[in-house]
Amino acid sequence: MAGERAIAAALGTRPHLLWRTHYHASGLRKSPQPPANYERPPTMRQRQNDAAA
């Protein structure tokens with residue numbers, strides 16, 4: 001959360017406007033986060049291996 005606030009402050013905006021999936025429309029942070037926020041995208045190596053297969 002601190003990182004989100006620092007990035008938003010540097011950009012001159014609010015965190016709930018940058019990370020809409022992390023916050024309710026009211027601006028309160030969701031807890032727990034939606035499962036999609038914990039999924040990691042495939043790494044470069046995984047993408048290369050998939051393309052080679």
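The questions and answers below concern a predicted model of a protein chain, and they move from its overall form to the surroundings of a few residues.

Q: What share of the 53 residues of the protein chain counts as buried?
A: The accessible surface of the protein chain comes to about 4,600 Å², with 57% of it belonging to carbon and sulfur atoms. A residue counts as buried when its relative accessible area is under 20%, and the share of the 53 residues that count as buried is 11%.

Q: Is His22 buried or exposed?
A: His22 is found in the loop between helix H2 (15-18) and helix H3 (44-52). Its relative accessible area is 16%, and because the cut-off is under 20%, His22 is classed as buried.

Q: Which residue's side chain makes a polar contact with the side chain of His22?
A: Leaving aside neighbours within four places in sequence, His22 is in contact with Glu4, Arg29, Lys30, Gln33 and Asn37. A polar contact needs a pair of N or O atoms within 3.5 Å, and the side chain of His22 makes one at 2.7 Å, its partner being the side chain of Glu4.

Q: What is the relative accessibility of Glu4?
A: Glu4 lies in helix H1 (residues 2-11). Not counting residues up to four places away in sequence, it touches Pro15, Trp19, His22, Tyr23 and Arg29. Glu4 counts as buried, its relative accessibility being 11%.

Q: Where does the charged end of Arg29 sit?
A: The structure holds 0 aromatic pairs, yet a ring does take part in another kind of arrangement, in which the distance to the ring centre is 5.5 Å. The charged end of Arg29 sits over the ring of Tyr23.

Q: How far apart in space are Thr21 and Ala36, C-alpha to C-alpha?
A: Thr21, placed in the loop between H2 and H3, is partly exposed, with a relative accessible area of 45%. Thr21 and Ala36 are 15 residues apart in sequence, and their C-alpha distance is 8.9 Å.

Note on methods
Residues are numbered from 1 along each chain as its sequence is written. This is a predicted model: local features need pLDDT of at least 70, side-chain atom pairs count only at pLDDT 80 or more; totals for chains, interfaces and linings use all residues. Side-chain values use heavy atoms; hydrogens and water are left out. Helices (H or I, at least four residues) and strands (E, at least two) are DSSP runs, numbered from the N terminus. Buried means under 20% relative accessible area, exposed over 50%, partly exposed in between (1.4 Å probe, protein chains only). A polar contact is a pair of N or O atoms within 3.5 Å; within protein, one must be able to donate a hydrogen and the other to accept it, and residues adjacent in sequence count only if both atoms are side-chain atoms. Contact means heavy atoms within 4.5 Å. Rings of Phe, Tyr and Trp (its six-membered ring) pair if their centres lie within 6.5 Å; planes under 30 degrees apart count as stacked, over 60 as edge-to-face and the rest as tilted. A charge sits over a ring if NZ of Lys or CZ of Arg is within 6 Å of the ring centre and within 35 degrees of the ring normal. Accessible areas come from the Shrake-Rupley method with a 1.4 Å probe; for residues, only the protein chains shown count as cover.
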